[in-house]
Amino acid sequence: TSARELELIALRLFSKQGFEDTTVEQIAAAAGVSRRTFFRYFDSKELAIATGLSDVGAHVLADVIAEMPAELGPLDAVRAVMELLFRVGTANGNVA
């Protein structure tokens with residue numbers, strides 16, 4: 001099992017059950033790995049959806065997502081954060 005496989009399984013479970021109702025144990029079980037193995041790849045379930053980002057970006061993303069309204073689903077929360085980052089980057093001249 002790779003980090004990417006765990007990420008995809010986590011996203012599937014989040015969209016099916018909701019972010020708050022999905023546990024690390026459920027993600028690990030669906031992947032056929034132990035909870036401990038999950039934590040070898042990710043420090044939290046929030047970071048399971050941030051694969052591919054820089055370490056700093058992933059932590060910032062997880063912090064911002066945690067502050068999003070509870071009724072906002074995980075994918076909508078990520079989308080909102082990415083749109084915000086794009087607007088900030090554009091305003092600062094960092095995004096073409």
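Predicted model: local features only at pLDDT ≥ 70, side-chain atom pairs only at ≥ 80, totals over all residues.
Biologist: Let's start with the rings. What makes Phe38 and Phe39 an aromatic pair?

Modeller: Their ring centres are 5.3 Å apart, and rings pair if the centres lie within 6.5 Å, so these two count as a pair.

Biologist: Okay, and why is that pair called edge-to-face?

Modeller: The planes of Phe38 and Phe39 are 90 degrees apart. Anything over 60 degrees is edge-to-face, so that is the label here.

Biologist: Then why is the pair of Phe38 and Phe42 called tilted?

Modeller: Look at the angle: 45 degrees between the planes, with 5.5 Å centre to centre. Stacked needs under 30 degrees and edge-to-face needs over 60, so 45 degrees lands in the rest, which is tilted.

Biologist: How many aromatic pairs are there, and which residues do ring pairs link into a cluster?

Modeller: The count is 3 aromatic pairs. The cluster is made of Phe38, Phe39, Tyr41 and Phe42.

Biologist: How do you know whether Phe38 is buried or exposed?

Modeller: Phe38 has a relative accessible area of 0%. Buried means under 20%, so Phe38 is buried. Phe42 comes out at 5%, so Phe42 is buried by that cut-off too.

Biologist: And what makes Phe39 partly exposed?

Modeller: Phe39 has 30% relative accessibility.

Biologist: Where does Phe38 show up in the largest nonpolar core?

Modeller: Phe38 is listed with Leu6, Phe14, Ile27 and Ile65 as the residues that touch the most other members, out of 19 in that core. Helices H1, H2 (24-31) and H6 each supply at least two residues, and H1 gives the largest share, with 5.

Biologist: Staying with H1, why is Glu7 called buried?

Modeller: Glu7, found in helix H1 (residues 3-17), has a relative accessible area of 6%. That is under 20%, so Glu7 counts as buried.

Biologist: Last one: what lines the largest pocket?

Modeller: There are 14 lining residues, and the closest to the centre are Phe19, Glu20, Pro69, Ala70 and Leu72. By class, the lining has 9 nonpolar, 2 polar and 3 charged residues. The pocket's volume is about 240 Å³, and helices H5 (55-66) and H6 (74-91) each supply at least two residues of the lining.

Definitions and conventions: Residues numbered from 1 in each chain as written. Heavy atoms only, no water. Phe/Tyr/Trp six-rings, centres within 6.5 Å; stacked < 30°, edge-to-face > 60°. Buried < 20%, exposed > 50% of the residue type's maximum accessible area, 1.4 Å probe, protein only. 1 Å grid on protein atoms, 1.4 Å probe; cavity = no way out; pocket = protein on both sides within 12 Å on 5 of 7 lines; lining within 4 Å. Points joined across faces, edges and corners; volume = space filled by probe spheres on them. Helix = DSSP H or I, 4+ residues; strand = E, 2+ residues; numbered from the N terminus. Nonpolar A, V, L, I, M, F, W, Y, C, P; charged D, E, K, R; others polar. Core = buried A, V, L, I, M, F, W, Y, C linked by side-chain atoms within 4.5 Å.
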